Amino acid sequence: MSEVYNWQLGRPMSYPHPQATPQWQFAFVFNTNRCIACQTCTMACKSTWTFSKGQEYMWWNNVETKPYGGYPQSWDVRILELLDAAHRDAGREAIWDPAAGEAAKAPYGVFDGMTIFEAAREQARREEVALGYEPTDLEWRSPNFYEDTATGSNAVRDRLNLDPATLPEHQTWFFYLQRLCNHCSYPACLAACPRRAIYKRPEDGIVLIDQQRCRGYRKCVAQCPYKKPMFRATTRVSEKCIACYPRIEGKDPLTEGEPMETRCMAACVGKIRMQGLVQVGEDGTWAEDRQHPLYFLVQVEKVALPLYPQFGTQPNGYYIPPRWVPRPYLRQMFGPGVDAAIEKYTRPSRELLAVLQLFRTSQTMVFRYEIIEGPKVLEMTIDGQPWSMYNDTVVGYSRNGREVARVTVEEPKIERDAKHYNSI
Ligand code: SF4
Ligand code: SF4
Ligand code: SF4
C-alpha cells in the first residue's frame, strides 16, 4: 500500500499504487436540477459503443431515479451498507469535520472515516483491495429501475402525501442521477485487477481496460464502488466507458483536431452537462486555472460536488445537487458541501449565472471563458434577500484559444416578420 493525497477527503489515504497524476484529467459537471431523464445521453452512448451481441444489458451511461432506483439495482445502498458494517466492526464512525484542513487542499474539510480501500484493509480481506460485491445478473436488468418513483410520506406509507410541496425541502421527492464511469484519480477497478489489464492514461486521466489482457475475472466489477465496469458474456472480458477517447483526442473532423466533448455530453437535451479536461498538480489537486469553467464551478464556487467522495476513489464527476431533496440524503451522497452548494445555486452570483449558460453551447471542449458585462435586467428577492440579474455575455474558448461559444444570460427573442408569420 502507498500513501496518496485525496483532496476530496482533505487527507492522505492508503491506495495500492503510488501517486501518479496525469497531466490533464477528464472531468465533468452535471446539473441535476435540469435533467428530465429523457435518456438521450444513454441512447447516444448505447448506439455508439454498446449495440453489439452480448452488450444488451450494458449501459455505460445511465440515468437513474433516486432514491429507489439504481443500475445495477441498489448499487449505492449495497456499498454504503458494507461500509457501515466495516465502521461498526472497527468501532469507528464515518464522520466529516468540515472546519478541518487547509481550504485549498481540503475544500470540504476532512473525512475521518474509512474509504473502501481502508475498510478492506481493516477487515483483512486478503483477496480484495477494496470493499465491494458483484451484482447478480438480475440486478443489471434495468438502467432506470423504479423510474419516476417518489418517496412516500414519512408518517403514512400507504397513502399519498397531499400537502403542497414547497422549498427548501419537499416531503415527497425523487430526482434523476446521471451516471457514467468517473475516470477516478484512484480507481478501484484498476487496483483490483490481478491481470493489470486496467490503466489510466497519463495524457488525460481516462481509465481503460485492455481487452487483450483482460481474462474476465470480474474483480473490477466487484470492487468499483460505482459499478461501472461490466462483464460481457459473449467475449468473456469486462468492458467499461472509454470516455469516447477518439473525440477527446480531437479525432472527430468537426472540431478540427481540438478536444471534443463525448457523445453522452454533447447529446444532452436538458443542457445539464459540461465536460472538459482540467490540469492536475503532482499531489492530485487541481492546478489553479481561474477562467476554466470546470475549475470555477468545482473549486471556486464549489457549487458542483463529487459523488460519494467517502468511497475514496476521488471521482472526476461533479454534481450540482437537486434543490428540493432533504439535506441528510444529499450530504450522504455528495458530502458536507451540499448546503453551501445549494445556497450558491439558489441565489447565483453574477459570474455563476453567466458560466451556467455555457452548458451545451459547443461540442468543442471549452478551456477558458470570459464575461462581457451587460445591463441589469431584473431585481427581485430570493429567500428574503435581494438579488439582481444582469444580461452578461459569456464567451467560451477552445484549447487553442478559438472562440467556440458566445451566449447571453437572457435568451434573445426573435420576432418573425409579419410577412412570414405562418411559415418556416
Ligand atoms: S440527455 Fe441530459 S436531460 Fe436527458 S437524461 Fe441525459 S442528462 Fe438528463
Ligand atoms: S468509476 Fe469505477 S470503473 Fe470508473 S474509474 Fe472509477 S473505479 Fe474504475
Ligand atoms: S463518455 Fe462516451 S463511452 Fe463514456 S458513457 Fe459517455 S458516451 Fe459512453
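How many residues of domain 1 are in contact with domain 2, and how many residues of domain 2 take part?

## Domain arrangement

The structure is a predicted model. Its domain assignment gives domain 1 as residues 2-346 and domain 2 as residues 351-408. The contact between them involves 25 residues of domain 1 and 18 residues of domain 2. On the side of domain 1 that touches domain 2, the elements giving two or more residues are strand E12 (273-279), helix H8 (293-300) and helix H10 (338-346). Strand E12 gives the most, with five residues. By residue class, this side of domain 1 comprises 12 nonpolar, seven polar and six charged residues.

The C-alpha centres of domain 1 and domain 2 are 27 Å apart.

## Ligand surroundings

Strand E14 spans residues 317-320 and is covered on both faces. Gly317 and Tyr319 are buried on one side, while Tyr318 and Ile320 are buried on the other.

Strand E14 pairs in the parallel sense with strand E3 (residues 24-31) over four bridges; Phe30 has Tyr319 of E14 as its bridge partner. Strand E13 (residues 305-306) runs antiparallel to E14 and is joined to it by two bridges. Pro306 has Tyr318 of E14 as its bridge partner.

Definitions and conventions
Residues are numbered from 1 along each chain as its sequence is written. Chains are lettered from A and ligands numbered from 1 in the order in which they are written. This is a predicted model: local features need pLDDT of at least 70, side-chain atom pairs count only at pLDDT 80 or more; totals for chains, interfaces and linings use all residues. A residue is buried if 20 or more other C-beta atoms lie within 10 Å of its own, exposed if 12 or fewer, and partly exposed in between; C-beta atoms are placed from the backbone. Two strands pair if DSSP finds at least two bridges between them. Domain bounds come from an automatic or database domain assignment. Two residues are in contact if their C-beta atoms, placed from the backbone, lie within 7 Å. Ala, Val, Leu, Ile, Met, Phe, Trp, Tyr, Cys and Pro count as nonpolar, Asp, Glu, Lys and Arg as charged, and the others, Gly among them, as polar.
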